[in-house]
Amino acid sequence: MKTIFSPRQQEHQGQFEFYNGAVVEGYENTSRATFILSRIEEVGLGPVLAPRPQSLETAERIHTTAYVDFLASAWRLWREAGRMGTALPYAWPARGRYKDVAPDSIDALLGLYSIDASTGFVDGTWEAVNASHDSALTAADLIIEGEQACFALCRPPGHHAGTDFNGGYCFLNNAAIAAQRLLDAGASRVTILDIDYHHGNGTQEIFYERGDVQVISLHADPRNDYPFFAGYADERGSGNGEGYNLNIPLPDGTDWTQWERALEFALAGIRQFGPDVVIISLGVDTFEGDPISRFRLSHSHFPLIGARMAGLATKTLFVLEGGYAVEDVGVNVVGVLSGYEEAT
Ligand code: OKP
Ligand code: ZN
């Protein structure tokens with residue numbers, strides 16, 4: 001299987017976030033990609049290719065132009081305000097937004113276009129976000145050109161980013177943009193199956209009223225964990241999208257037996273929908289050793305996940321999302337991909 005990745009994605013580095021009352025270095029760090037790349041080489045998964053440069057046209061069919069412009073200019077505005085460190089918001093319009101304002105202040109913009117204070121900008125953030133997006137689109141193009149499966153090694157990740165907001169370390173929704181590319185190239189239906197520990201609230205929001213993209217997510221019950229305000233089982237889509245959004249929230253401590261049962265339910269939903277391509281939002285923060293999560297999958301389970309995906313016998317695009325036990329992320333991500341390859 002081919003992997004798409006650009007070293008420019010590593011320019012997003014050294015950002016800080018808040019965690020348990022302290023300022024800590026971001027969990028979403030460069031070593032995640034480094035460990036994945038070295039494991040790909042170790043097992044001989046296949047070549048790692050640079051993405052082709054892509055325009056932002058497809059991204060602007062998923063996100064608003066104003067939001068994309070904000071992402072591209074946030075760091076410059078932060079620096080022009082005389083700031084250093086990590087650009088993070090401290091004020092949000094949230095519920096009861098009084099006015100639809102177009103603020104000039106970088107502090108207001110950061111709040112307007114975000115859902116949390118985990119998603120900081122540093123000097124190379126936009127370059128990395130843009131390159132991560134290029135990787136997702138290039139992988140989608142390879143599927144269009146005939147590959148059965150491909151891996152977009154996307155960091156920063158994407159599934160918490162919505163139409164006009166960032167969050168959860170995500171800026172552009174790589175999987176959603178890839179889905180749009182596949183549809184534009186002639187696919188009738190695409191499924192995004194999100195197996196990251198956290199609910200893919202951005203992906204859900206983007207496609208909530210659409211029937212051409214089925215969105216299924218297995219995740220920690222939002223009563224217990226981020227993103228808290230979306231991911232409940234009664235969120236089923238609306239309008240043309242009614243019935244095409246499926247959430248499977250799972251309790252703290254979920255193990256392989258429970259998780260696999262949920263996966264089987266998801267796979268039945270995919271078979272019923274009959275997509276031309278399945279995009280897997282591939283987070284491995286379901287691993288028992290993950291520092292910010294509370295599920296209990298172990299190393300041996302990840303290849304089994306890949307084998308289940310192969311059982312769908314549908315073109316499959318793997319897009320990286322989370323996974324923060326850095327020394328295990330390579331083994332677990334590549335475990336899924338090799339499991340897929342061996343079962344195909
Ligand atoms: C991103 B992905 C507070 C704790 C972390 C954000 C979790 C984001 C997860 N800084 N909260 O889905 O793996
Ligand atoms: Zn996650």
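Modeller: This is a predicted model. In it, α1 crosses α10 in a right-handed sense.

Biologist: Which residues of α1 and α10 make the contact?

Modeller: On the α1 side they are Ser31, Arg32, Phe35, Ile36, Ser38, Arg39, Ile40 and Val43. On the α10 side they are Val326, Glu327, Val329, Gly330, Val331, Val333, Val334 and Ser338. By class, this contact of α1 with α10 has 9 nonpolar, 4 polar and 3 charged residues.

Biologist: At what angle do α1 and α10 pack?

Modeller: Helix α1, residues 30-43, and helix α10, residues 326-343, pack at about 50 degrees, and their axes are 8 Å apart. That angle makes α1 oblique to α10.

Biologist: And α5 with α6, how do their axes cross?

Modeller: The axes of α5 (residues 125-144) and α6 (residues 174-184) cross at roughly 35 degrees and come within 9 Å. The crossing of α5 and α6 is right-handed.

Biologist: Which residues meet there, between α5 and α6?

Modeller: Helix α5 brings Ser132, His133, Ala136, Leu137, Ala139, Ala140, Ile143 and Ile144. They meet Asn174, Ala175, Ile177, Ala178, Arg181 and Leu182 of α6. The residues of this contact divide into 10 nonpolar, 3 polar and 1 charged.

Biologist: What about α9, which of its residues are buried?

Modeller: In α9, residues 301-310, the buried residues are His301, Phe302, Pro303, Ile305, Gly306 and Met309. What covers them includes α8, β9, β10 (315-320) and α10.

Biologist: Changing topic: which residues are closest to ligand 1?

Modeller: The closest are Glu17, Ser118, Gly168, His198 and Gly322, among 16 residues that surround ligand 1. The shell around ligand 1 divides into 6 nonpolar, 6 polar and 4 charged residues.

Biologist: Now the prolines. Is Pro275 buried or exposed?

Modeller: Pro275 counts as buried, because 23 C-beta neighbours lie inside 10 Å. Pro275 is found in the loop between α8 (256-273) and β9 (277-282).

Biologist: What does Pro275 touch, leaving out residues up to four places away in sequence?

Modeller: With those left out, Pro275 touches Arg189, Val190, Thr191, Gln214, Ile270 and Thr314.

Biologist: How far is Pro275 from Val331 in space?

Modeller: From C-alpha to C-alpha, Pro275 and Val331 are 29 Å apart, and in sequence they are 56 residues apart.

Biologist: Where is Pro156, and what is the peptide bond from Arg155 to Pro156?

Modeller: Pro156 is found in the loop between β5 (149-152) and α6. The bond from Arg155 to Pro156 is cis, with omega near 0 degrees.

Biologist: And what joins Tyr226 and Pro227?

Modeller: A cis peptide bond joins Tyr226 and Pro227, with omega about 5 degrees. Pro227 lies in the loop between β7 (213-220) and β8 (245-250).

Biologist: Phe228 is in the loop between β7 and β8 as well. What is its phi?

Modeller: Phe228 has a positive phi of about 60 degrees although it is not a glycine. Phe228 is partly exposed, since 14 other C-beta atoms lie within 10 Å.

Biologist: Last one, Asn20: what is its phi, and why does Asn20 count as exposed?

Modeller: Phi of Asn20 is near 50 degrees, a positive value in a residue other than glycine. Asn20 counts as exposed because it has 6 C-beta neighbours inside 10 Å. Its place is in the loop between β2 (16-19) and β3 (22-25).

Methods
Residues numbered from 1 in each chain as written. Chains lettered and ligands numbered in written order. Predicted model: local features only at pLDDT ≥ 70, side-chain atom pairs only at ≥ 80, totals over all residues. Axes fitted to C-alpha atoms, helices over the stretch in contact; angles between N-to-C directions. Helix = DSSP H or I, 4+ residues; strand = E, 2+ residues; numbered from the N terminus. Left-handed = near helix turned anticlockwise from the far one by under 90°. Contact = placed C-beta atoms within 7 Å. Nonpolar A, V, L, I, M, F, W, Y, C, P; charged D, E, K, R; others polar. Near = placed C-beta within 6 Å. Buried ≥ 20, exposed ≤ 12 C-beta atoms within 10 Å, placed from the backbone. Parallel < 35°, antiparallel > 145°, perpendicular 65-115°, else oblique.
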